[in-house]
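Student: I would like to go through this fold one feature at a time. Please give me the reading rule first and then the case.

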Amino acid sequence: VRRALATPDAQLDLARAKVAIDRLIDPRIDEALTLRQLDTLTRAIQARIPVGASRREKLRILVASLSQPGPWNDSRPFRYDLDDPFGEDIRNKLIATYLGTRKGNCVSMPILFAILAQRVGLDASLSVAPHHLFARVKDDGSQWVNIEATSFGTKSDDSYRAELNITAAAVRSGIYLRTLSPKES
């Protein structure tokens with residue numbers, strides 16, 4: 001974890017940082033296995049992306065690769081964990097657990113999404129709202145688009161503000177709805 005925190009933002013590998021943090025919670029996590037699983041999933045998604053694909057097309061394929069069954073995910077799509085919807089069991093927030101069970105929450109799902117988005121060549125990060133984490137990806141116009149990884153859709157800042165009662169002051173201060181730096185992610 002110290003190594004990840006000492007790494008400059010431009011060189012930080014979100015996958016390695018997440019696994020290192022997860023190992024603080026559960027030292028039994030096999031780091032090499034988890035990273036291999038991420039590599040395998042990344043290659044399967046990359047194989048679906050045509051050469052010269054736009055950011056929008058890459059994003060569409062990434063969402064479909066996670067949410068729809070097919071050979072790219074061993075016909076086991078990722079979905080929201082209705083057995084632990086609030087992630088009360090901390091193990092359900094670990095990337096290794098999510099990769100194994102394919103059931104996630106508003107921590108594991110956006111983190112995996114951001115990791116894979118970065119690996120397929122998209123500018124991706126995370127953002128926070130009250131009791132919630134979501135991904136952000138730059139579109140073809142270089143605007144950040146909010147990705148609600150728990151439902152594999154998009155959501156506007158205005159929608160988050162209205163649904164979660166986020167004040168304008170909280171947004172201005174940067175507490176909520178701000179694109180996080182790699183280290184903050």
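Student: Which residue in E4 is the bridge partner of alanine 124?

Tutor: Two strands pair if DSSP finds at least two bridges between them. Alanine 124 has valine 137 in E4 as its bridge partner. The model is predicted, so local features need pLDDT of at least 70 and side-chain atom pairs count only at pLDDT 80 or more, while totals for chains, interfaces and linings use all residues. Residues are numbered from 1 along each chain as its sequence is written, and side-chain values use heavy atoms, leaving out hydrogens and water.

Student: In what sense do E3 and E4 pair, and over how many bridges?

Tutor: Helices (H or I, at least four residues) and strands (E, at least two) are DSSP runs, numbered from the N terminus. E3 and E4, the latter at residues 132-138, pair in the antiparallel sense over 6 bridges. Their hairpin has 2 residues between the strands, and histidine 131 takes a positive phi near 55° there.

Student: Which residue in E5 stands opposite arginine 136?

Tutor: Asparagine 146 in E5 stands opposite arginine 136. E5 covers residues 144-148 and pairs with E4 in the antiparallel sense over 4 bridges.

Student: What is the strand order of the open sheet?

Tutor: The order is E3-E4-E5-E6, an open sheet of 4 strands with antiparallel pairing. E3 and E6 (153-154) are at the edges with a single partner strand each, so one side of each has no neighbour in the sheet.

Student: Is serine 125 buried or exposed?

Tutor: Buried means under 20% relative accessible area, exposed over 50%, and partly exposed in between, with a 1.4 Å probe and protein chains only. Serine 125, in strand E3, is buried because its relative accessible area is 6%. As a whole, E3 (residues 124-129) is mostly covered, with 5 of its 6 residues buried.

Student: What does serine 125 touch?

Tutor: Contact means heavy atoms within 4.5 Å. Not counting residues up to four places away in sequence, serine 125 touches several residues, among them Ala114, Phe134, Trp144, Thr179 and Ser185. A polar contact is a pair of N or O atoms within 3.5 Å; within protein, one must be able to donate a hydrogen and the other to accept it, and residues adjacent in sequence count only if both atoms are side-chain atoms.

Student: What span does H6 reach from its first C-alpha to its last?

Tutor: The expected span of a helix is 1.5 Å times one less than its number of residues. H6 (residues 108-119) has 12 residues and reaches 17 Å, close to the 16 Å expected. H6 is mostly covered, as 10 of its 12 residues are buried; these include Met109, Phe113 and Ala114. Just after H6, glycine 121 takes a positive phi of about 95°.

Student: Where is threonine 7 found?

Tutor: Threonine 7 is in the loop between helix H1 (2-6) and helix H2 (14-25). Threonine 7 counts as buried because its relative accessible area is 18%. Its side chain reaches the backbone oxygen of arginine 3 at 2.7 Å. Leaving out residues up to four places away in sequence, threonine 7 touches Leu12 and Lys183.

Student: Why does alanine 96 count as partly exposed?

Tutor: Alanine 96 counts as partly exposed because its relative accessibility is 22%. Alanine 96 is found in helix H5 (residues 95-101). Beyond its neighbours within four places in sequence, alanine 96 is in contact with Asp22, Ile29 and Thr34.

Student: Which side chain does glutamate 163 join in a polar contact?

Tutor: The side chain of glutamate 163 joins that of lysine 155 at 2.7 Å. Glutamate 163 is in helix H7 (residues 157-164) and is partly exposed, with a relative accessible area of 49%.

Student: How many helices and strands are there in the protein chain?

Tutor: The protein chain has 8 helices and 6 strands. From the N terminus on, they run α-α-α-α-β-α-β-α-β-β-β-β-α-α. Buried residues make up 43% of the 185 residues. Among contacts between residues at least 6 apart in sequence, 52% join residues at least 24 apart.
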